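Please keep the structure in view while reading.

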Amino acid sequence: PKQQVEALAKAPLLWQPGTTWEYSLSTDLLGRVLEEIGQQPLGTLLEEKLLRISEVLLGSASATQLMTGKLAGNAAGAMTIFGLYGAGAICVAWLQGFAESVPWALLPWLLFLQLLAVLLFSSVFMSVAACVNQMREAQCLLMPVWLVLMLPLLICMHVIREPNGHLATAASFFPPATPLLMAVRMSTGVM
């Protein structure tokens, strides 16, 4: 442990800073430093800190206020990121001369569907989190949830080929699939 940290500190750089982008062991090193400072395994340390924060939050807010705040925070964060990427894409389209090809009438619908997806998925994951006491328990419950949430991705190519087909229309009424499939169907221009 201590020898690993010392060996990593003495290791030469593979590239000069700024010349190449590559994943590094810096996060591993940071985790190891936290273990040394906290004198306990990283998982235990993180769990303890998170529980301390949770205890303070739970003592100062009702469950409804806490869940509503988490949901609103998730939605605000996701929509901010979506807005930044969207603004970047619009700038690139404008600079490259493709602005007239952008279906501007779809943008409000895409924003609405993104917000719908964030609220739906955040609610599902928050309900799973409310059912468990430890992370290990959550892993068991998340597998069936992920399988249901992944179904729209499995039929996405079929929906692109036949956006008004029976499968695409029926699957659009399945709530976890609605945000993705409706955006895909609308983007094809056929619907």
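## A term to begin with

A residue is called buried when its relative accessible area is under 20%, exposed when that area is over 50%, and partly exposed in between. Phe-125, with a relative accessible area of 27%, is therefore partly exposed. The model discussed here is a predicted one.

## Overall form

The secondary structure of the protein consists of eight helices and zero strands, so that, read from the N terminus, the order of elements is α-α-α-α-α-α-α-α. The C-alpha atoms fill a box of roughly 60 × 50 × 30 Å when this is taken along the principal axes.

The radius of gyration of the protein is 23 Å, whereas a compact globule of 191 residues would have a value near 16 Å. Of the 191 residues, 18% count as buried. Among the contacts with a separation of 6 or more, 56% are accounted for by residues 24 or more positions apart.

## Two aromatic pairs

A pair of aromatic rings is described by how far apart the centres are and by the angle of the planes. How many aromatic pairs does a search of the whole structure find? The search finds two. In one of them, the rings of Trp-109 and Phe-112 have centres 6.3 Å apart and planes at 85°, and because an angle over 60 degrees counts as edge-to-face, the pair is given that name. Trp-109 and Phe-112 are three residues apart in helix H5 (residues 107-130), which means that about one helical turn separates them. Trp-109 counts as partly exposed at 47% relative accessibility, and Phe-112 also counts as partly exposed, at 46%.

The rings of Phe-125 and Trp-146 have their centres 5.2 Å apart and their planes at 45°, so this pair is tilted. Like Phe-125, which has a relative accessible area of 27%, Trp-146 is partly exposed, with a value of 42%.

Rolling a probe the size of a water molecule over the atoms shows where empty space is left. The largest pocket has a volume of about 980 Å³, and of the 25 residues that line this pocket, Leu-51, Ser-54, Ala-129, Val-132 and Asn-133 are the closest to its centre. Helix H3 (42-60), helix H4 (63-95), H5 and H6 are the elements that each give two or more residues to the lining, and H3 gives the most, with nine residues. By class, the lining of the largest pocket divides into 18 nonpolar, four polar and three charged residues.

The second largest pocket holds about 440 Å³ of space. Its lining is made up of 16 residues, of which Leu-13, Leu-14, Tyr-23, Ser-24 and Leu-25 are the closest to the centre. This lining has ten nonpolar, five polar and one charged residues.

Most residues other than glycine have a negative phi. Gln-39, although it is not a glycine, has a positive phi of about 60°. Where is Gln-39 found? Gln-39 is in the loop between helix H2 (26-38) and H3, and because its relative accessibility is 66%, Gln-39 counts as exposed.

Notes: Residues are numbered from 1 along each chain as its sequence is written. This is a predicted model: local features need pLDDT of at least 70, side-chain atom pairs count only at pLDDT 80 or more; totals for chains, interfaces and linings use all residues. Side-chain values use heavy atoms; hydrogens and water are left out. Rings of Phe, Tyr and Trp (its six-membered ring) pair if their centres lie within 6.5 Å; planes under 30 degrees apart count as stacked, over 60 as edge-to-face and the rest as tilted. Helices (H or I, at least four residues) and strands (E, at least two) are DSSP runs, numbered from the N terminus. Buried means under 20% relative accessible area, exposed over 50%, partly exposed in between (1.4 Å probe, protein chains only). On a 1 Å grid over the protein atoms alone, a cavity is a set of points where a 1.4 Å probe fits but cannot get out, and a pocket is an open set with protein on both sides within 12 Å along at least five of seven lines; lining residues have an atom within 4 Å of a point. Grid points are joined across faces, edges and corners, and a volume is the space filled by probe spheres set on the points. Ala, Val, Leu, Ile, Met, Phe, Trp, Tyr, Cys and Pro count as nonpolar, Asp, Glu, Lys and Arg as charged, and the others, Gly among them, as polar. The radius of gyration is taken over C-alpha atoms; the globule rule is 2.2 Å times the number of residues to the power 0.38. Contact means heavy atoms within 4.5 Å.
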